[in-house]
Amino acid sequence: MVISDAAAEKVPHPIGESVRRVDAYEKVTGAAQFADDLQFGPGLLFARIKRSPIPHGRILRIDTSKARALPGVKAVITGKDFPGHIGLYLKDRYIFCRDKVRYVGDPVAGVAAISEEIAEKALDLIEVEYLPLPAVFDPEYGVTSEAPILHPDLGDYSVVNFVFPKPGTNISNHFKIRKGDVHAAWGSCAAVIERTYHIPHIQHVPIEPHVAVAKMEENGKLKVWASSQSPFAQRSLIASALDISPSDVEVVAPFVGGGFGCKAGLSMEALAVAIATRVKGRPVKLRLTREEEFYTAFVRQGLVAHFKMGCDSEGRLLAMENRFYWDGGAYTEYGVNITRASGYSSSGPYDVPNVRTDSYCVYTNHPVGGPMRGFGMPEMHAGLEQCIDELAAQIGMDPVRFRKINCVQGGDILVTGMTMHPTGLSQCLEKAAEAIGWGYKDPPSATNKRRGKGIAMMWKAPAMPPNAGSSAWVELNEDGTVTVSVGGQEIGQGSFTVAAQMAAAALGVPYDWVRVAGPVDTDHSPYEWQTVASRLTWSMGNAVYNAGRDARHQILEMVAQAWGEKPEDLDISNGMVISYKTEESQSLKNIVVYGIPKPNDQGWTGGPIVGRGNFMPTYVTGLDPETGQGPRAVVHYTTGAQAVEVEVDLDTGKVEVLRGVAAFDVGKAINPDMVKAQIEGGFVQGVSTALFEELKLKEGVLQNSSFVDYRIATSADAPQEVEAIIVEVAQDDGPFGARGIGEHALVPTTPAIANAIFDAVGIRPGAPPFTSEKVYLAMREAGVE
Amino acid sequence: MSIHRITLTVNGEVDQVDVASNVTLLRLLREKLALTGTKNGCMAGECGACTVMLNGEPVNSCMVLAAECDGAHVLTVEGLAHDGVLDPVQQAIVDHGAIQCGFCTPGILISARALLDRNPKPSDAEIREAIVGNLCRCTGYLRIVDAIQDAAHRQEVLLQEAII
């Protein structure tokens with residue numbers, strides 16, 4: 001179902017058409033190349049990493065002599081070789097540990113050898129002596145004065161101007177919202193609720209583990225091949241860490257076998273690069289094992305969230321007071337911005353006049369937190385959207401009606417003082433409720449089961465620096481076909497297909513004439529900040545569209561000159577240049593590379609057509625550090641609502657999600673079928689995180705670092721049906737009105753399931769995962785029978 | 001470590017290779033036979049990305065020693081299409097948009113092919129069971145299940161046409 005306010009508006013082919021993915025054929029034949037598939041010949045060396053076995057300690061001694069002596073070992077390096085810091089928003093990380101280790105898994109040494117087996121053997125020969133130090137495993141303890149300080153040098157780290165570390169503490173960012181007067185508002189509330197949720201760490205679990213190959217030439221030029229969402233950001237961060245020019249670093253990024261955030265920024269790639277600098281001329285490959293993937297790749301941060309919210313007797317939300325303690329882990333170079341994003345979106349998708357929020361990013365001795373699909377929103381909404389249900393119940397109001405009264409609308413003054421743009425959130429809510437059959441309860445499938453329905457809403461803005469840019473090239477080939485070059489990555493979300501659609505629409509050629517150049521290569525592709533934040537359809541889409549229009553303009557100028565007409569009387573349609581004035585027409589074939597001959601052999605007009613385009617938002621402003629207020633905090637919010645029907649087994653506590661309905665306002669669905677695929681996939685990932693997923697950390701040591709012990713949803717766990725509803729309220733600066741839809745799909749799933757469990761059996765399972773054991777015990781305690 | 005000389009048929013072609021006794025079928029395929037379509041996701045038999053058909057049965061190739069494959073017939077994702085014509089399961093996966101990142105796709109395709117070989121008319125539950133060992137983090141499985149169901153129908157039509 002597509003619900004649009006712009007149904008009458010005509011869009012060019014192939015916008016709004018569910019065309020086939022450009023990468024489908026390669027991906028079903030095994031031809032699609034991923035980083036581990038690239039061949040490097042017999043010179044390839046293999047790297048392995050020696051990691052800290054303790055959560056916090058001082059390195060007293062490292063002896064690598066025995067490892068160096070092992071035949072086949074080509075290099076052993078430690079932190080003393082690399083003094084430079086790395087980090088995206090806050091440079092708080094070394095490539096290899098220098099004086100201290102701060103989590104179990106922290107890299108202390110790296111080996112390059114002629115085989116993975118020899119490299120692994122060499123690790124055992126490296127002797128490291130540690131002095132264990134007191135550790136922090138709880139962010140609320142971490143902010144107290146008793147906690148050991150994990151980064152005494154915090155004040156010396158370089159940091160972007162919108163992150164506010166507090167040197168001398170474990171707080172690497174404190175984001176504040178002070179809107180209205182919360183304390184005065186409590187008195188006017190008819191109902192107030194206070195709740196705390198402990199959201200666990202989880203892992204992204206792409207099926208493709210991280211892989212990076214690095215090779216440094218004798219002249220200092222560096223080339224990296226990596227499974228990467230961020231080739232350009234990596235180029236920049238690597239150059240800065242090695243103190244060389246970004247133009248001396250080339251990052252090649254083939255297809256990514258799932259990212260979800262964990263392949264953004266710079267992480268394990270830096271290890272391969274550092275080792276490669278010691279074996280110049282030889283490519284060095286580092287692959288994370290699945291076990292390493294679980295505790296050394298970015299994790300989704302844990303969160304302790306305290307909510308207090310109140311409404312009047314009519315159900316109008318009057319105030320919210322939130323305290324978020326993010327378990328940022330040992331290094332918070334990326335996590336500091338998750339803290340900020342959850343702060344500036346901390347009201348949830350509601351119009352609330354009085355809001356006070358303190359969002360803290362706290363260093364702990366846990367794995368390193370980083371971006372994961374939703375960037376703080378799933379963690380925050382998990383609790384917030386349960387509180388909304390409870391608050392509605394306190395005043396005896398239906399939760400859908402309560403949301404309808406309070407949901408954010410165009411023109412509302414948001415929590416940061418920004419004015420909300422037009423949004424279809426209330427339509428999403430209505431449609432989701434209608435589609436799930438809100439208010440009707442089907443009988444359970446067995447007498448020992450109970451059914452329930454739940455609903456939740458969400459919002460999310462792209463979280464990024466204010467000036468994250470995109471660029472694109474559109475080149476015409478001899479036969480009129482088109483090659484699009486982008487720096488945005490194809491990580492499964494369909495960005496290459498969208499790029500092809502944008503180029504076809506901008507030029508006026510059939511979709512199947514367009515190819516997308518791959519792999520992304522920083523030496524041969526145009527700049528893109530990172531493939532994150534669900535920003536590509538919107539930002540890169542604009543750049544490709546602009547490049548296509550530029551190419552179109554060049555073609556029309558050329559033909560106009562040749563025909564003695566004005567460009568404005570010409571058009572390109574279905575790959576033909578046509579004149580509305582003379583009705584003359586000409587295929588793009590031949591003319592777009594070779595030009596057009598002048599009559600009587602008097603020379604030529606035109607030349608090879610290459611369009612270029614870029615896009616960068618220029619309007620995002622800073623926010624006051626004390627109040628979080630400013631004119632424009634973000635570029636836009638994608639909003640949506642989800643409803644689920646669940647069945648709970650009274651004997652076992654097992655929760656089965658029978659059906660899901662998800663409605664999102666995507667501005668304009670460039671490819672409706674791919675939008676639906678994002679929504680379905682995100683929904684099932686949401687079900688997985690809601691029911692199963694938790695990194696079990698005991699004194700900093702991960703207890704479940706395999707697919708057996710860390711379960712993700714399988715085909716048996718997917719619901720029978722996920723209905724995706726597309727709402728289209730146009731984005732003013734989106735290509736054809738489009739906004740992103742990628743991360744959003746899993747944001748409301750956890751609270752929708754929690755609310756449905758309550759509807760089914762009358763217990764609130766609290767924080768995910770809602771495992772059978774947790775639900776069973778909660779039912780026992782509540783006396784549910 | 002001893003070296004074994006084995007002869008095996010991969011995607012219809014006979015190969016003779018020398019393999020060390022600790023080398024898995026997955027490594028043999030990817031590193032010696034340059035068949036990188038089969039993916040390495042966990043090396044522990046838990047994710048299904050490396051699924052290939054060994055003598056007609058789907059197996060996790062990371063859990064099979066290459067030395068055991070003397071005389072074996074192996075089918076990988078590269079062997080599904082013939083003369084540029086996709087296998088019905090490949091075509092159905094494309095048509096249903098049942099692909100995102102594509103990393104689990106080769107394993108899923110082989111599991112699906114194996115299912116349809118032994119059970120040409122599977123139920124929804126049988127399809128889900130056949131791919132329960134193939135983890136996918138992107139798609140949510142629903143389109144994959146629909147595509148395999150559709151592939152079964154397409155295959156039936158093709159067979160009927162062949163008989164006529």
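Mentor: Two strands count as paired if DSSP finds at least two bridges between them, and with that rule in hand we can read this predicted model. In chain A, 8 strands form an open sheet in the order β4-β8-β2-β15-β12-β13-β14-β23, with mixed pairing.

Trainee: What makes β4 and β23 of chain A the edge strands?

Mentor: Each of them, β4 (73-78) and β23 (520-521) of chain A, pairs on one side only.

Trainee: How do you know that β12 and β15 of chain A pair, and in which sense?

Mentor: The rule asks for at least two bridges, and strand β12 (residues 211-216) and strand β15 (residues 284-287) of chain A are joined over 4 bridges in the antiparallel sense, so the pair meets the definition. Within that pair, A:Val213 stands opposite A:Lys285 of β15(A). Helix α7 (residues 269-276) of chain A packs on this sheet, where it touches β2 (45-51), β4, β8 (107-113), β12, β13 (222-226) and β15 of chain A, and its direction makes about 25° with that of β12(A).

Trainee: Why is one side of β24 and of β26 of chain A left without a neighbour in the sheet?

Mentor: These strands belong to an open antiparallel sheet of 3 strands, ordered β24-β25-β26 in chain A. Since β24 (570-573) and β26 (585-587) of chain A stand at its edges with a single partner strand each, one side of each has no neighbour in the sheet. The twist from one strand to the next averages 20°. Helix α14 (residues 536-563) of chain A packs on the sheet and touches β24, β25 and β26 of chain A, its direction making about 125° with that of β24(A).

Trainee: Which residues have the most contacts inside the largest nonpolar core?

Mentor: That core has 273 residues, and those with the most contacts inside it are A:Met309, A:Val474, A:Leu476, A:Val544, A:Ile555 and A:Ile753. The element giving the most to this core is α14(A), with 13 residues. Leaving aside neighbours within four places in sequence, A:Met309 is in contact with residues including A:Trp186, A:Ile193, A:Leu317 and A:Leu391.

Trainee: How do you know that β3 and β4 of chain B pair, and what do they form together?

Mentor: Against a threshold of at least two bridges, β3(B) and strand β4 (residues 57-60) of chain B have 4 bridges in the antiparallel sense, and therefore they count as paired. They form a hairpin with 2 residues between them, and B:Asn55 in the turn has a positive phi of about 50°. B:Thr51 stands opposite B:Asn60 in β4(B).

Trainee: Which way do the residues of β3 in chain B point, and are they buried or exposed?

Mentor: From strand β3 (residues 51-54) of chain B, B:Thr51 and B:Met53 point one way and B:Val52 and B:Leu54 the other, and all are buried; for each, that means under 20% relative accessible area.

Trainee: How many residues does each chain bring to the contact between A and B, and what area is buried there?

Mentor: Chain A brings 53 residues and chain B brings 42 residues. About 3,800 Å² is buried between the two chains, with 54% of it from carbon and sulfur atoms. A:Val28, A:Ile207 and A:Ser715 supply 19% of the area that chain A buries against chain B, more than any other three residues.

Trainee: What scores does the model carry?

Mentor: Both ipTM and pTM are 0.98, and chain B has a mean pLDDT of 97, with 99% of its residues at 70 or more.

Note on methods
Residues numbered from 1 in each chain as written. Chains lettered and ligands numbered in written order. Predicted model: local features only at pLDDT ≥ 70, side-chain atom pairs only at ≥ 80, totals over all residues. Heavy atoms only, no water. Axes fitted to C-alpha atoms, helices over the stretch in contact; angles between N-to-C directions. Contact = heavy atoms within 4.5 Å. Core = buried A, V, L, I, M, F, W, Y, C linked by side-chain atoms within 4.5 Å. Buried < 20%, exposed > 50% of the residue type's maximum accessible area, 1.4 Å probe, protein only. pLDDT = per-residue confidence, 0-100. Buried area = accessible area lost by both parts, 1.4 Å probe.
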